[in-house]
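Dear colleague,

Please find below the structure that I am handing over to you. My notes on it follow directly after.

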Amino acid sequence: MSDAKLFDTYQLGPTKLSNRAVMAPLTRNRALDGMVPNPLAIEYYGQRASAGLLITEASQVSQQGQGYQDTPGIYSKDQVTGWRKVTDRVHERGGKIFLQLWHVGRISHTDLQSGGQAPVGPSALQAKGKTFVGGKFVDVSAPRALELSEIPGIIDAFKTGAANAIAAGFDGVEVHGANGYLLDQFAKDGANKRTDAYGGSIQNRAKLMLEVTKAVAGEAGPDRTGIRLSPVTPANDISDSNPQPLFDYITDQLSALKLVYIHVIEGATGGPRDIAPFDYTSLRNRFKGAYIANNGYDYALAKKVIDENKADLIAFGKPFISNPDLVERLKTGAPLNEADRNTFYGGGAKGYTDYPVLA
Ligand code: 8OZ
């Protein structure tokens, strides 16, 4: 039985976590009816309530913000009602849960956009990448550049999403600022070629991410608002020519907003941690709130990083898919179930709510 600090409680703003293991946001594509969380999601998240904190799968703040089939939303009344059942179950079981607010930007397909319109991005530059629509992987569609006049509407959609999440009983929200989606597209110069107030300098490119986060924090409270960042990931064809000063600046600004955490994907999302040089300690030291570290952590690395005070919390992804009782398994050194990749995206209970707990 490990007595590692990983299993100690943690005070995340007003939210008391029973341990420092976080379930990372994980896209599962099972919201089959009106982008409302599948009833099985109640069981799925409830089974994992022993995590210190659950972060939901990315949930689009508008139809325009959807990029894959069957991902849940947080903009309709029925979606809020659906999510309320999830938060109630998690709270009944003593857990805490944040909802991740998402706009995919250019990583979408005309089939998912109202009236078959083009997806939107900072610039009319098509990503080299695939999305999952109509039961198959297809190239993402060519986007159009957002007009300056449309930016307030984007900020407003995130703000309403935050209000809806709080109304649905979430303990807080996480802004999805990572993995090559809209806010990351604006921030990074590989996708943002704008010449207006939202393009060019680091300050201009970071502007949308910071304005959205400020609006979200205004709704949920900064002590119930976190953000996910991925400074060097190549996910969804995203890149930046100089990520260190960009993310140093973003982190300073997020700290000034008094956000409760930054959740940092170190390296390539779901891939090598050392894909590109980057000083994560710089972000850890600049940010006054909690630092959640993510990407490829196992027990040994989590223990080391927490003991060395390089992170406050550790987010685990795939291990939480296949081990509802991951915290108990890490604590006792029990073996972990293997995750079945074939059931990650889409389907029903198989590979979702049927992973066994320890006897
Ligand atoms: C896997 C498949 C689809 C979306 C992310 C929301 O990478 C995602 C995602 C992951 O952040």
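Which strands and which helix each supply at least two residues of the lining of the largest pocket? They are strand E5 (97-102), strand E7 (130-133), strand E14 (313-316) and helix H9 (318-322). Helices (H or I, at least four residues) and strands (E, at least two) are DSSP runs, numbered from the N terminus.

Please note that this is a predicted model, in which local features need pLDDT of at least 70 and side-chain atom pairs count only at pLDDT 80 or more, while totals for chains, interfaces and linings use all residues. Residues are numbered from 1 along each chain as its sequence is written, and side-chain values use heavy atoms, with hydrogens and water left out.

Pockets and cavity

Both terms rest on a 1 Å grid over the protein atoms alone: a cavity is a set of points where a 1.4 Å probe fits but cannot get out, a pocket is an open set with protein on both sides within 12 Å along at least five of seven lines, and lining residues have an atom within 4 Å of a point. Grid points are joined across faces, edges and corners, and a volume is the space filled by probe spheres set on the points.

The largest pocket has a volume of about 1,100 Å³. Its lining has 37 residues, and Leu-26, Asn-179, Thr-269, Gly-270 and Tyr-345 lie nearest its centre. By class, 18 are nonpolar, 14 polar and five charged. Here Ala, Val, Leu, Ile, Met, Phe, Trp, Tyr, Cys and Pro count as nonpolar, Asp, Glu, Lys and Arg as charged, and the others, Gly among them, as polar.

The second largest pocket holds about 190 Å³. Helix H7 (residues 280-286) gives the largest share of its lining, four residues. This lining divides into four nonpolar, three polar and five charged residues.

One cavity of 30 Å³ or more was found in the whole structure. The largest cavity has a volume of about 40 Å³, and its lining includes Tyr-45, Trp-83 and Tyr-352.

Core and aromatic residues

A nonpolar core is a set of buried Ala, Val, Leu, Ile, Met, Phe, Trp, Tyr and Cys residues joined through side-chain atoms within 4.5 Å. Buried means under 20% relative accessible area, exposed over 50%, and partly exposed in between (1.4 Å probe, protein chains only). The largest core has 81 residues, and Tyr-45 and Ile-314 have the most contacts inside it. Helix H5 (residues 202-220) provides the largest share of this core, 10 residues.

Aromatic pairs number 13. Rings of Phe, Tyr and Trp (its six-membered ring) pair if their centres lie within 6.5 Å; planes under 30 degrees apart count as stacked, over 60 as edge-to-face and the rest as tilted. The rings of Tyr-44 and Tyr-352 have centres 4.2 Å apart and planes at 20 degrees, so this pair is stacked. Both Tyr-44 and Tyr-352 are buried. Together with Tyr-45, Trp-83 and Phe-170, they form one aromatic cluster.

Two backbone angles

Most residues other than glycine have a negative phi. Asp-70, in the loop between strand E4 (53-60) and helix H2 (77-92), has a positive phi near 65 degrees. Asn-179, in the loop between strand E10 (172-176) and helix H4 (182-187), has a positive phi near 55 degrees. Asp-70 is buried at a relative accessible area of 16%, and Asn-179 is buried at 9%.

Yours sincerely
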